[in-house]
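Take a look at the model shown here.

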Amino acid sequence: MTPDLLLSPELLPFLVGGVLLGIMVGAVPGLTATLAISLLLPLTFQLATAPAIVMMTGIFTGGIYGGSIAAITLRIPGTPASAMTMLDGHAMAQGGRTGLAIALATFSSFVGGVFGGVVLVLFAPQLARVALTFQSPEMFALVVLALVAVATVSPESLLKGMTATVIGLMLATVGIDRLVPVPRYTFASVDLLVGVPLIPVVIGLFAVAELLHQSGEPAHRGDAPEVGSGRLAALWQEVRSVGVGVWVKSPAIGTLVGALPGAGAAMAAFLSYSEAKRSSDAPERFGSGVAEGIVAPEAANNAMTGGAFIPMLALGIPGDAVTAVILGGLVMHGVTPGPQLFDQGSELLGPLFGAYFWSYVLILIFGLALIPLFVRITRIPRAMLFPFIGALAVISAFTSEGTTFAMYLTAAVGVLGFVLRRYGYPLIPVLLGLILGPMLESNFRRSMILSEGDPSVFLRSPVAAVLLLAAAAFPLLVLRRRNSAARP
Amino acid sequence: MDRLTQTPLGGDAHAPQLPQAGSGRDDVASGGVLLLVALAYGAGATRIPAQVGEPGPGFMPLTLAVLLAALAIAIIVGGVKNGAGSGAKGNGSSGGEGGVFAAAGRPWFAALATIVFAALFEPLGFVLSTLGYSGYLTSLFTEDRKHRVAVPVFVVTVLFVFFRLALGVRLPTGLLG
């Protein structure tokens, strides 16, 4: 199959509109590409199939990239996937290098997206077959590795990182149990029957908690003056300073994780960041504004977009929430994803692949061109910025769930995030625990059911055994490095 | 000078400064709270019906409760070792920004305002409730009266354009309906 990567000129406006909308929505905390596509799905019914697919692809890729803008400029991840970018991205911005941070995120997104697209075009059917071999034991082991990795690489103490992860996992147990219809920790609340919704938690943990933190801070002394904003030479210098290993491993991790149904961009970013830090010569510098801390998660979560299309197109299984909505859109337009799509060929694969690649070219162009505008965000006085963020965040929570319960939840989680931060507990592991908790538990219990209660099922699978071994070794390796770094 | 000054007239000059982090004491306090949470959570887990033939819906909560309790005890022990009694700074294992009770009251007022905003969002409607909420938040950051009026109006206008007109989201009209 030779994809037609030259998008027809008449489809370009739909792609440009989709990418810009995706970036805008992704940059707003609480609004996600999933929401944008869901809201625009009725509009796409009035379009022919090809323009609809092109537009949805643009929103998807733009939305994943857009999350990094708020993460870098406001310390509030626009999407859960950009939470890791926030660590070094915002630190770099505070050092007067907002433009450089955004340029790095943009370039990394481009590299990751193109990598994911190449894999998608060349290896989609083969990778889909590999993804099918990941059954419950393997998925459980992968989730354990992701959770341990993020808890371990937290700059705060290992104990507090693990505690934060457990708190997130506990939040994930709220609601009706997924395997047996039993309510857990719902306190007779109808709103909690479906569990703790993700978006209000993201907004609360980061946007509201940041608002509370800032309201208690003395007068803002101002970030360092912006230097070398957006200069390509500075960008190229930073690109070269990041090891080849990071540029190769990060998109690879993102694509592979994206190909696993249900894994999602957040896991891709977390794993990639953790690996980049673990393998770095100076892991203690992560979190202080190092280029690798931006490149790793952004390359991974954008490569994930290509990977997420693989199970969707080849198997009809969505890779994450956004592709689930896109899949619905495709079906409504009469496209049936599945093995036959590649075997028989489809005239819609060309526009989709073309839109995918060209969307990342547009992201590169728009991202670099809009740097001066993004930099100005950091110059907005707190007295204007935080009231706006507060109102926007809480109303976004209302919009995402359609209930005022979501607003209460956002406030409560905001207080939780504020308190955790005050006592030195990291927030990102809480988020990851909430996201991955359901996968962890359901895959564990399914494995135990299928093996009739025999726990050795996790060791009988070579992939699961290796992943669990890596999860066990990760904290030991990190602790050993920390101890040797602490020695005089 | 920018009129929306980053050093409002005397307002933030009186802002309470955060005290030095008492890391050991903070760890003991936070560990203690977490231990209580673990016990309560674990008690809830024991009430979840067991299931034959598989770990059941109570397995994960019980496991997490035990894990949290263990971690909480470890944090408490670490806090005691770091000199919780003397309030001395720890060896960096806690890294907190300051005890919650020592922090300024403004974050708590902001939190309460957020809850009140949620409660009044539908009864009062988007416009009035957002004006009030953003107005109060503005007052936390500046004492300039013009900004206390201009910023909420700006916030309501921009958010209305964004949510209602751009995204087509229906916002409650409340008293203005």
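This is a predicted model: local features need pLDDT of at least 70, side-chain atom pairs count only at pLDDT 80 or more; totals for chains, interfaces and linings use all residues.

Residues are numbered from 1 along each chain as its sequence is written, while chains are lettered from A and ligands numbered from 1 in the order in which they are written.

Begin with chain A. It has 21 helices and 2 strands. Helices (H or I, at least four residues) and strands (E, at least two) are DSSP runs, numbered from the N terminus. Of its 488 residues, 63% count as buried. A residue is buried if 20 or more other C-beta atoms lie within 10 Å of its own, exposed if 12 or fewer, and partly exposed in between, with C-beta atoms placed from the backbone. Now take the contacts in chain A with a separation of 6 or more: residues 24 or more positions apart account for 80% of them. Two residues are in contact if their C-beta atoms, placed from the backbone, lie within 7 Å.

Chain B comes next. It has 5 helices and 0 strands. Its pattern along the sequence reads α-α-α-α-α. Buried residues make up 37% of its 177 residues. Among contacts in chain B with a separation of 6 or more, 71% are between residues 24 or more positions apart. The domain assignment of chain B gives domain 1 (23-81) and domain 2 (106-176); such bounds come from an automatic or database domain assignment. The C-alpha centres of these two domains of chain B lie 38 Å apart.

Back to chain A, and to how its helices pack. Helix H3 (residues 49-74) of chain A meets helix H4 (residues 83-94) of chain A, with axes that come within 7 Å and cross at roughly 50°. Axes are lines fitted to C-alpha atoms, for helices over the stretch in contact, and angles run from 0 to 180 degrees between N-to-C directions. That angle makes H3(A) oblique to H4(A). Angles under 35 degrees count as roughly parallel, over 145 as roughly antiparallel, 65 to 115 as roughly perpendicular and the rest as oblique. H3(A) passes H4(A) in a right-handed crossing. A crossing is left-handed if the near helix is turned anticlockwise from the far one by less than a right angle, and right-handed if clockwise. On the H3(A) side the contact uses A:Ser68, A:Ala71, A:Ile72 and A:Thr73; on the H4(A) side, A:Thr85, A:Met86, A:Gly89, A:His90 and A:Ala93. By class, this contact of H3(A) with H4(A) has 4 nonpolar, 5 polar and no charged residues. Ala, Val, Leu, Ile, Met, Phe, Trp, Tyr, Cys and Pro count as nonpolar, Asp, Glu, Lys and Arg as charged, and the others, Gly among them, as polar.

Zoom in on A:Ile72, which sits in helix H3 of chain A. Is A:Ile72 buried or exposed? A:Ile72 is buried, because 35 other C-beta atoms lie within 10 Å. Leaving out residues up to four places away in sequence, A:Ile72 touches A:Thr85, A:Gly89, A:His90, A:Ala93, A:Thr98, A:Ala101, A:Ile102 and A:Ala105.

H3(A) has another partner. Its axis and that of helix H15 (residues 349-369) of chain A come within 9 Å and cross at roughly 40°. H3(A) and H15(A) are therefore oblique to each other. H3(A) passes H15(A) in a right-handed crossing. The contact includes A:Ile53 and A:Tyr65 of H3(A), and A:Leu352 and A:Tyr360 of H15(A). By class, it has 10 nonpolar, 6 polar and no charged residues.

Now for helix H8 (residues 198-215) and helix H17 (residues 382-401) of chain A. They pack at an angle of about 160°, with their axes 10 Å apart. That makes H8(A) roughly antiparallel to H17(A). H8(A) passes H17(A) in a left-handed crossing. Among the contact residues are A:Ile203 and A:Leu211 of H8(A), and A:Phe386 and A:Ile389 of H17(A). The residues of this contact divide into 10 nonpolar, 4 polar and 2 charged.

Finish in the loops. Most residues other than glycine have a negative phi. A:Phe187 has a positive phi of about 50° although it is not a glycine. A:Phe187 lies in the loop between strand E2 (183-184) and H8 of chain A. A:Phe187 is exposed, with 8 other C-beta atoms within 10 Å. A:Glu452 also has a positive phi, near 55°. A:Glu452 is in the loop between helix H19 (428-450) and helix H20 (457-460) of chain A. A:Glu452 counts as exposed, with 9 C-beta neighbours inside 10 Å.
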